[in-house]
Amino acid sequence: MDKCLPLDQWLGGTRRDDHLVAFEGETGLTQARLRCDVQRLYAELCSQPGERWALCFDSSYRFTVALLAALHAGKTPVLPGHCREAQLREQHALFHGVVTDRPLRLNCPVINPDTPISSINALPPIPAGAGVVLFTSGSTGRPTEVFKSVTALDQESAWLADLWGRELSGCRVVASVSHQHMYGLTFRIMLPMALGLACDASLIQFPEQLAAHATHPLLFISSPAFLKRLDTRLPAPSCRMTISAAGKLDDDIARRAGEWLGVPVSEIYGTTETSVLAWRKHLSSGQPWHPFPEVQFVAEAEGWSVRSPLVEEGECQLDDRLAFNEQGTFSLLGRRDRIVKIEEKRVSLSEIERRLLTLPEIKDAAVITLSRGGRTVPGAVVVLHLPHEPLVKLKTQWRVSLSQWLEPVAIPRYWRIVESIPLNSQSKRAWTQLQELFDETP
């Protein structure tokens, strides 16, 4: 198998031109074509004064072109995690321009890489210290900016190549997760490009699309939400490895998916801030997590922190509770509380959610903070077991019940009832969509 190439060598590697890149859905795509497309966009970006450029693409090929062109041009790629025009308008302070193949109307420069550009310039090396800006999922409703250096991204790919590279040789990569988040960036872009694996440029959105892949051995990058929806009545694809991350994967779902796909599901534990931390394979129920050798977990009074060369600051506190065994592996015991300040009081959003779930009418709940009249207040999005009385009557009942456990400032002031809590493509709660439910105050 070829060696794991760092990002700066993707366009100048020693592999055959038709070996490094073969994005399905794109015709005549070779390394030479990729280099040419990057050079054209690089020339356009060099003519623009802004440093930070948001990348908004559905196609992983076009995204890769924009990523490489921006880095070689000394720009900082910003991954907003979506392509929604209205939200990009709200986030205009985060970037100087946008690179996209969508017809977006924004108050900043918008470059479409599909527009013919005549200039083709030689590419300089990627500057030292270059990196990518991503955002956390924002569990309190306020996403946080995270910088990932190219060095850290390359090192993460090397760790994964050491673990699974030989097993993945010759695989075609398909994914049901977006490249616009950390998990998808790592496994749908960085690792395949570093190993020279062929990729599918389009997202797998339905089980039928996955079942149609029968001619090549697959590396399937997925999530618990998608694996839960698999239709095992369909013919199974030719799958050599399945990787899941970005949410809790229940043993029953892993077993069912593994039986249909013909391989046990491998799972990655990590966050946007930390990158990959540990892995496990669902060979049986309750499999422990194996830390990557370079990762050190540190016990603290109120939880755990992690030290890793992939963390920009060197150390990061975890929101999960861990239980280590004598072998050095561990189990996940659930999330720590999400603490916010409301009227100078420390309020746990997780505790509010737990109390909501004790109410007989409520099946699921998500709590966020809202800004109303210069004040911060809790808002609750709930799923009901069955249709009940009008919301006004239910809210009165719930507030009375919650007052037994919660301080007045912690009782939700605003409510929304939905059929299910919205999730993003990473199987995490879509906090932005939850916020949008409260855009019009009743």
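**Salt bridges and a sheet**

The structure holds 15 salt bridges, a salt bridge being a side-chain nitrogen of Lys or Arg within 4 Å of a carboxyl oxygen of Asp or Glu. The model is predicted, so local features need pLDDT of at least 70 and side-chain atom pairs count only at pLDDT 80 or more, while totals for chains, interfaces and linings use all residues. Residues are numbered from 1 along each chain as its sequence is written, and side-chain values use heavy atoms, with hydrogens and water left out.

One of the salt bridges joins the side chains of R52 and E145, at 3.1 Å from N to O. R52 belongs to strand 1 (residues 52–56) and E145 to strand 6 (residues 145–149), so this pair ties together parts that are 93 residues apart in sequence. Strands (E, at least two residues) and helices (H or I, at least four) are DSSP runs, numbered from the N terminus. E145 is partly exposed, at a relative accessible area of 40%; buried means under 20%, exposed over 50%, and partly exposed in between, with a 1.4 Å probe and protein chains only.

R429 forms a salt bridge with E353, where the closest N and O atoms are 3.6 Å apart. This pair links distant parts of the chain, 76 residues apart: E353 is in helix 9 (residues 349–356), and R429 is in the loop between strand 23 (414–417) and helix 11 (431–436). E353 is buried, with a relative accessible area of 11%, whereas R429 is partly exposed, at 22%.

R429 also forms a salt bridge with D364, with 3.1 Å between the closest N and O atoms. D364 lies in strand 21 (residues 362–372), 65 residues from R429 in the chain. D364 counts as partly exposed, at 26% relative accessibility. Elsewhere, a network of salt bridges links R62, D101 and D114.

Seven strands form an open sheet with mixed pairing, in the order 8-7-9-10-11-12-13; two strands pair if DSSP finds at least two bridges between them. Strand 8 (198–199) and strand 13 (290–291) are at the edges with a single partner strand each, so one side of each has no neighbour in the sheet. Strand 9 (residues 218–222) pairs with strand 10 (residues 239–244) in the parallel sense over five bridges. F220 has T242 in strand 10 as its bridge partner.
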